[in-house]
Amino acid sequence: MPPPKDVVKIAIQMVGAIPQLIDLQQTKPLSSVLKDVCDAWSLPNAEHYALQYTDGRQTYITESVRRPPTSPRPHRHGAHCSPVPFSLQNRGEIKNGSILQLTTSPDQEAERLYSGIQSNNSDVKTDSLKKLASLSQDVTFAQEFINRNGLKKIFCIVEEGNDTGEMLAHTLKAFMELMEHDFVSWETLSAAFIKKIVGYVNMNAVDASVQQLSLSILENMVPTSRVLFELVKKEVTLDRLLTHLQVTNAQLQLKAMALLIALLLAATDAERQEMMDYLREKNIRQFIHKNIIHSSEPLADEMAHYLYVLQSVSLNLCERRMRTSMDPYSQEQRELLQSLRQTAFESESEAPTSNFSTERRRSLCAKEFRKLGFVNNSNPAEDLRRAPPGLLALDNMVYFSRHTPNAYSRFVLENSSREDKHECPFARSSIQLTLILCEILHVGEPCSETAQAFYPMFFGQDHFFEELFCICIQLVNKTWKEMRATQEDFDKVLQVVREQITRTLSLKPTSLELFKTRVNALNYSEILKLRQTERLHQEETLAVPVLELRERLKPELLELIRQQRLLHLCEGTLFRKISSRRRQDKLWYCRLSPNHKVLHYGDVEEGVNSPPIESLPEKIPVADMKMLLVGKECPHTKEKSSGKQNKDVLELAFSIVYDMEEYCLNFIAPTRYEFCLWTDGLNVLLGKEMTSERTQTDLDVLLSMELKLRLLDLENISIPDTPPPIPKPPSNLNFCYDFSHAEQ
């Protein structure tokens with residue numbers, strides 16, 4: 001008879017004592033369990049003890065207990081620090097075979113450390129702060145410590161102390177961990193405390209770990225309020241952040257970049273423009289391109305994300321012009337429009353237009369605007385009324401005409417001399433190309449919380465968008481000639497150009513020069529070859545015998561895919577923890593046991609790629625898994641529903657429901673590829689069909705390969721739609737050899 005569901009067999013250990021093996025009844029109050037354990041070891045005052053996991057983060061075991069709030073204690077920083085009632089329960093997560101340890105209860109430990117950090121003995125104080133930094137990761141302990149007004153003492157240590165070494169580092173680490181639980185608002189910090197933190201960032205002779213923690217504290221402060229943003233922006237200058245970016249310490253460099261990104265995201269549009277202009281003056285892009293992207297050390301995932309955000313923020317500065325239509329009554333905009341005509345045709349004029357009548361001058365201008373490729377040549381401003389791309393298209397055309405005047409004149413004059421139906425319209429092409437570039441580069445779209453896809457060449461050029469346009473508009477003219485296009489082919493040409501750009505960008509060229517070389521090499525004939533190759537790969541042979549063979553091969557190949565998915569789960573994957581407040585640095589790893597019976601998972605440190613299965617403390621038996629949730633169905637995406645949903649996070653989120661559908665293990669996959677492999681693998685474990693798009697892709701590839709191998713001998717032989725008829729059986733079988741009459 002199986003044991004009751006609410007009883008788990010566990011071991012409890014204590015230093016200097018023989019471990020106890022007990023049957024833990026989950027319905028029994030935790031205080032009674034502790035009383036029994038303490039009695040077995042003859043320990044008095046069971047209420048002074050608690051159970052704790054022995055591995056991982058050594059979390060305290062708790063049950064759902066509501067503590068009535070007491071009167072708030074005054075906070076020295078102008079706010080009240082009220083005790084937070086307990087409302088957490090994790091004892092239900094204890095599984096069979098868990099090893100727990102008996103330790104001092106959170107309230108006793110909080111009281112002891114509260115006294116220890118006030119000790120006059122520097123060694124005792126340092127050890128207490130170190131222990132505090134470790135235990136503060138546990139929410140139960142953090143509640144107890146904060147309820148004793150422990151944050152007040154930490155503020156005092158920072159504000160009144162002069163130490164800049166190990167003791168201060170432990171203090172700041174403890175502060176960060178306590179604030180991580182969101183019990184106290186960042187807005188309650190005093191000016192004196194913030195001044196100290198800013199001082200550590202601006203100080204030269206200070207321990208690197210102290211500066212890293214100080215930068216992290218400021219990064220967390222910036223998004224919480226406008227006042228804190230302005231204070232940090234004023235006290236920590238961009239020059240100081242650039243200094244930190246130039247150090248060889250990768251972690252300090254990372255934290256400085258994180259603060260810079262936080263400031264940019266919290267700034268208004270005008271402030272962001274001003275900050276980006278200043279950074280451009282300081283050549284930050286060239287520095288990043290040379291010393292971060294092309295450094296000898298591999299680029300960390302966090303830094304890749306920050307570079308993506310910096311690229312996105314910079315490109316989004318184009319959004320205002322992209323969404324602004326041309327104002328035909330704006331003198332400045334009309335002058336820009338006229339400059340395009342004058343730059344292209346002023347050398348052609350045999351006589352100054354001032355000598356012409358108004359009607360003749362208007363007719364000449366209309367003719368020249370038509371040669372420039374405007375649809376509405378009598379009023380070209382109408383072509384720029386569409387937004388997007390709005391005025392951004394005009395800016396790009398003017399930039400092209402001023403910075404590459406020879407190429408501009410050659411484009412316009414070359415097409416002016418062609419037949420009307422074969423000329424490539426410069427203005428119309430420029431407007432459409434600007435829109436295409438905005439879509440490809442995601443101009444005007446919010447930053448993703450997880451993306452890391454930045455273009456290295458972006459950081460090698462100050463006017464990236466404009467320079468990219470200059471290359472691509474010449475590509476339009478080149479492709480137009482290669483396709484021998486007419487006006488009716490305009491959309492087709494721009495579709496090919498879009499494909500040329502996206503294919504080249506996917507190669508991640510490191511400079512615009514390399515991009516130009518590669519995109520020009522990818523001519524129209526190459527595009528046709530690539531399309532043909534892809535079409536052949538995707539094309540299915542429709543002969544009935546081949547379709548029947550496909551159906552027979554499918555079960556075998558699907559089983560192969562299932563085994564590959566399970567093998568991938570056994571290898572495991574590194575996941576990131578994402579909170580609603582900010583992007584976390586914390587990592588955790590999950591992998592399937594080799595016998596496919598248990599999922600192992602646990603927190604890991606940065607840099608650990610494939611931890612051994614024994615180091616992952618948490619376990620979920622596959623037999624306890626009930627269902628798989630994806631996207632909006634996941635509980636961790638519903639928790640964020642009050643804010644603006646992030647599309648890419650929803651696409652990568654999935655959850656495992658286990659243990660009588662009471663608990664969930666939540667995932668956010670690092671990539672769409674990992675999402676497909678993990679959801680497929682989990683569906684296999686649950687005995688369900690694999691449903692990801694990757695399954696169909698892999699199945700198509702395997703079927704195509706297997707069919708080609710099996711049909712290799714039939715090359716150039718037509719396969720009939722119906723099998724040949726089977727001949728009638730012969731009238732007798734006398735032609736068969738009779739072995740009984742064989743000669744001996």
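## Structure report: a predicted helical and stranded chain

Buried residues make up 47% of the 744 residues in the protein chain; buried means under 20% relative accessible area, exposed over 50%, and partly exposed in between, with a 1.4 Å probe and protein chains only. This is a predicted model, in which local features need pLDDT of at least 70, side-chain atom pairs count only at pLDDT 80 or more, and totals for chains, interfaces and linings use all residues. Residues are numbered from 1 along each chain as its sequence is written, and side-chain values use heavy atoms, with hydrogens and water left out.

The protein chain holds 29 helices and 13 strands. Helices (H or I, at least four residues) and strands (E, at least two) are DSSP runs, numbered from the N terminus. Of the contacts in the protein chain with a separation of 6 or more, 69% are between residues 24 or more positions apart. Contact means heavy atoms within 4.5 Å.

### The sheet and its helix

Three strands form an open sheet in the order β11-β12-β13, with antiparallel pairing. Two strands pair if DSSP finds at least two bridges between them. The edge strands are β11 (625-630) and β13 (663-668), each pairing on one side only. On average, neighbouring strands of this sheet are turned by 20° against each other, direction ignored. Axes are lines fitted to C-alpha atoms, for helices over the stretch in contact, and angles run from 0 to 180 degrees between N-to-C directions.

Strand β12 (residues 653-658) is joined to β13 by 6 bridges, and the two run antiparallel. Tyrosine 658 stands opposite tyrosine 663 in β13. Helix α28 (residues 672-685) packs on the sheet and touches β11, β12 and β13. The direction of α28 makes about 155° with that of β11.

Tyr658 also turns up among the contacts of lysine 95. Lysine 95 is found in the loop between β5 (80-81) and β6 (99-104). Lysine 95 is buried, with a relative accessible area of 14%. Not counting residues up to four places away in sequence, lysine 95 touches Val8, Lys9, Ile10, Lys619, Tyr658 and Asp659.

Histidine 568 sits in helix α25 (residues 544-571). With a relative accessible area of 11%, histidine 568 is buried. Leaving aside its neighbours within four places in sequence, histidine 568 is in contact with Thr573, Glu674, Leu677 and Trp678.

Helix α10 (residues 238-245) packs with helix α12 (residues 269-281) at an angle of about 50°, their axes 11 Å apart. That makes α10 oblique to α12. Angles under 35 degrees count as roughly parallel, over 145 as roughly antiparallel, 65 to 115 as roughly perpendicular and the rest as oblique. The crossing of α10 and α12 is right-handed; a crossing is left-handed if the near helix is turned anticlockwise from the far one by less than a right angle, and right-handed if clockwise. Leu238, Asp239 and Leu242 in α10 meet Met275, Tyr278 and Leu279 in α12.

Helix α13 (residues 284-293) is largely enclosed by the rest of the structure, because 7 of its 10 residues are buried. Those buried in α13 are Ile284, Arg285, Phe287, Ile288, His289, Ile292 and Ile293. The buried residues of α13 pack against α10, α11 (250-266), α12, α14 (301-315) and α21 (464-483).

### Helix α6

Helix α6 is mostly covered, with 12 of its 14 residues buried. Among the buried residues of α6 are His170, Thr171 and Glu177. The 14 residues of α6 (residues 166-179) should span 20 Å at 1.5 Å a residue, and the end C-alpha atoms are 20 Å apart, which agrees. The expected span of a helix is 1.5 Å times one less than its number of residues.

The bond from alanine 387 to proline 388 is cis, with omega near -5°. The bond from proline 388 to proline 389 is cis, with omega near 10°. Proline 388 is in the loop between α17 (358-372) and α18 (391-403). Proline 389 lies in the loop between α17 and α18.
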